[in-house]
Structure formats: structure tokens, C-alpha cells
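The following questions and answers concern the structure shown here.

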Amino acid sequence: ELSTEFDIDLDRETARQLRAVLGRVPWGTDPAAAEQAIVGTQPGGAYQPGAARLTVVAREHLRSEVIELAGLFLGRDLTYGEIVAHELTHALQHQHFGLDPPRGAATNRDLRLAHAALAEGDATLVGFRQGLGGLVTDLASFLRFARRHAPDMGADVPRFYQEEFKFPYLDGGPLVLALHAEGGFAAVDRAHRAPPLSTEQVLHPEKYLRGDAPP
């Protein structure tokens, strides 16, 4: 894994060239176009701490007749109920723990991803319970399904950027499930006060729970 070793404080153009040299993205990749493609196709909502604003984005591909009928039967919005609950969880994280990345994260992309995975995994679990959890009870299985069927981000988004975007949600979710199994939401709260220090600890929650030092 080269991310920590090479992720020093670089300007965007140098960072773009370095990723190409390392084979992470094709030569000529435009990071701004990739970011725009992600923002334009993926999020259903966003919580902006600095603005204290919560935004929900209407995306037709998130809805289906089955989901609508099930929502009517259960008396809840299985699509946007999940999204609103997810973003409100971020607001509560901000209120109780803060959402600023840990010290050292400015020059350590791996640490930033690990911190994001805890925040997004927590919000994913809460949102799931308020939304699709009314139909499906197993979040771990749902996350595996989501990994296989995530919406296409477009040709402008190399796999490196796609995986980096999905990681906090799809791999943060299992981390938070492991924490919850260990001690409920109290264990998740404790993790916010001492978040994981590497993506290795996210991918292998037992290493976080043991307190293993990151490589």
C-alpha cells in the first residue's frame, strides 16, 4: 500500500501526475471532471458542517414501484427516509464529537479515509434502520448487494476514484456493525472519541478493537 508513504502535501497537478505514475489512474485523467461526475450521480444527500445545512437530492433511479408500495404499507419513506436519517446522524456526530479529521490527516489520505469510514458507517447503519431496514434486516448483506449494484459513475471516473468514494460507506458499514456487536451504540460513540487510524483498521475491525498500531 503506497498511499501513506507517498501522500505528502502536494498541489493538485503534482498529485494527479503522481497517481498516474503509480498506475492508480490513467494518464490524462481530469480529477475535477471525476469529482463532478461523482457529485452529479451519487449522493442522495449531504450535511455541510460549516454551513449547518442539510441537503437532499432528488434522484429518480433511487425509487421503484416496489419500494414505493412497500413504503406505503410500512408507513415510511424507504428511500428518502434513509437519506434524511443518514444526514441527521452526521449533524448529531458534528454536535457531539465534531467532524474534523484527526491531527495529521491533512497529509495522510489513509487516515482521512479511516476517519470518514467511521462517520459514514455510523450514518449508514442509522439510515438503514430508518429506511430499507423496514424491508431487509441484514445490513451486511445489503452492503454486499450495494457493492455489486452501485450506480455507474460514468466514464470520467477511474476505478481509483470510484473505490475511494465508496470505501467509507461500504467498508465503514461493516466496521460499525462490528463495533455495535461489541457494545451497541455506546461502542460506536467511544470510537468517535478515538477513531481508527488506518484503513487497515477499518477493513479488519478486530485490529481496531485490539488497538493494533497502524502500519
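Helices (H or I, at least four residues) and strands (E, at least two) are DSSP runs, numbered from the N terminus. Axes are lines fitted to C-alpha atoms, for helices over the stretch in contact, and angles run from 0 to 180 degrees between N-to-C directions. This is a predicted model, in which local features need pLDDT of at least 70 and side-chain atom pairs count only at pLDDT 80 or more, while totals for chains, interfaces and linings use all residues. Residues are numbered from 1 along each chain as its sequence is written, and side-chain values use heavy atoms, with hydrogens and water left out.

Q: How is α8 oriented relative to α9?
A: Helix α8 (residues 159-170) packs against helix α9 (residues 172-193) with axes 4 Å apart and an angle of about 20°. Angles under 35 degrees count as roughly parallel, over 145 as roughly antiparallel, 65 to 115 as roughly perpendicular and the rest as oblique. The orientation of α8 to α9 is therefore roughly parallel.

Q: Which residue of β2 is the bridge partner of G45?
A: Strand β1 (residues 45-48) and strand β2 (residues 53-56) run antiparallel and are joined by four bridges; strands pair if DSSP finds at least two bridges between them. The bridge partner of G45 in β2 is V56.

Q: With which residue does R159 form a salt bridge?
A: A salt bridge requires a side-chain nitrogen of Lys or Arg within 4 Å of a carboxyl oxygen of Asp or Glu. With closest N and O atoms 3.9 Å apart, the partner of R159 is E163.
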